[in-house]
Amino acid sequence: MREIAAQPLTPEAFAPFGDVVAEVTRTALPFNGRPGARAVLEVVAPPGPSEPGRHVVSLMERHLHSTQAFLPLDGEAYLVVVAPDAPDGGPDLAGLAAFVVPGDTGVQYRTAVWHVPMTMLGASGRLAMHVHKDGSDADCEFRDVSPVGIRLGAVPAPPLPSSPL
C-alpha cells in the first residue's frame, strides 16, 4: 500500500483545492450551481483515524455543484485529504495531498474537489458543515479508490485553555 505523510495546512498548499479560513479578515464565499438546492448547515462528529498514527483512505467523494465548508466547533485538529481529477474523471491518487488542520481553522472545498470524509485527530470533536443539497444523486459523488495510508506523525496538541489572571 502506498503511503504519504500528512503536512501542516497552509493556504498556499491548499489553494488548488479550496480556501483556508483562519483569520478574522479571511473569507470564503459559498457557491451553489443548482438553483433548486438549498444551503444546509449541519453539525457532524467524524470518527478518528482508522489506525494509531495512520489513516487508510479507500473512499473519496466530491460535490460537483457546491462548495463544502467545515468549521471546527471544539478546538480539535482534523485531517483533510484531497486529490485533483484524473483523466477518467475520478480522483488522481498520484496527486493526493493530506493536511493536518488546527482546531481553530476552517476549510472550504471548491466545487468538484475530490476529498476524503473528515477524520478528527483529537479524542473527539465536532465540525459545522455547510453545503448545498437538493436530495438527488447530484448532491455527492463517491468513488472507491485503491487504499492509501496517510501517516499522521505528531498530531498538534489542542490549544491550551486560557487561565484567569
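β12 supplies the largest share of the lining of the largest pocket, four residues. Strands here are DSSP runs of E, at least two residues, numbered from the N terminus. The model is predicted; local features need pLDDT of at least 70, side-chain atom pairs count only at pLDDT 80 or more, and totals for chains, interfaces and linings use all residues. Residues are numbered from 1 along each chain as its sequence is written, and side-chain values use heavy atoms, without hydrogens and water.

The largest pocket holds about 190 Å³ of space. Of its 17 lining residues, E61, H63, Q68, F70 and M129 are the closest to its centre. A pocket is an open set of points on a 1 Å grid over the protein atoms alone, where a 1.4 Å probe fits, with protein on both sides within 12 Å along at least five of seven lines; lining residues have an atom within 4 Å of a point.

| Class in the lining | Residues |
|---|---|
| Nonpolar | 10 residues |
| Polar | four residues |

β6 (68–72) and β12 (127–133) each give the lining at least two residues. Four bridges join these antiparallel strands, β6 and β12. P72 has L127 in β12 as its bridge partner.

Both belong to an open, antiparallel sheet of five strands, ordered β3-β9-β6-β12-β4. β3 (18–21) and β4 (38–44) are at the edges with a single partner strand each, so one side of each has no neighbour in the sheet. Strands pair if DSSP finds at least two bridges between them.

Mean pLDDT, the predictor's confidence from 0 to 100, is 91 for the chain. Residues 155–165 stay under 50.

Notes. Grid points are joined across faces, edges and corners, and a volume is the space filled by probe spheres set on the points. Ala, Val, Leu, Ile, Met, Phe, Trp, Tyr, Cys and Pro count as nonpolar, Asp, Glu, Lys and Arg as charged, and the others, Gly among them, as polar. Contact means heavy atoms within 4.5 Å.
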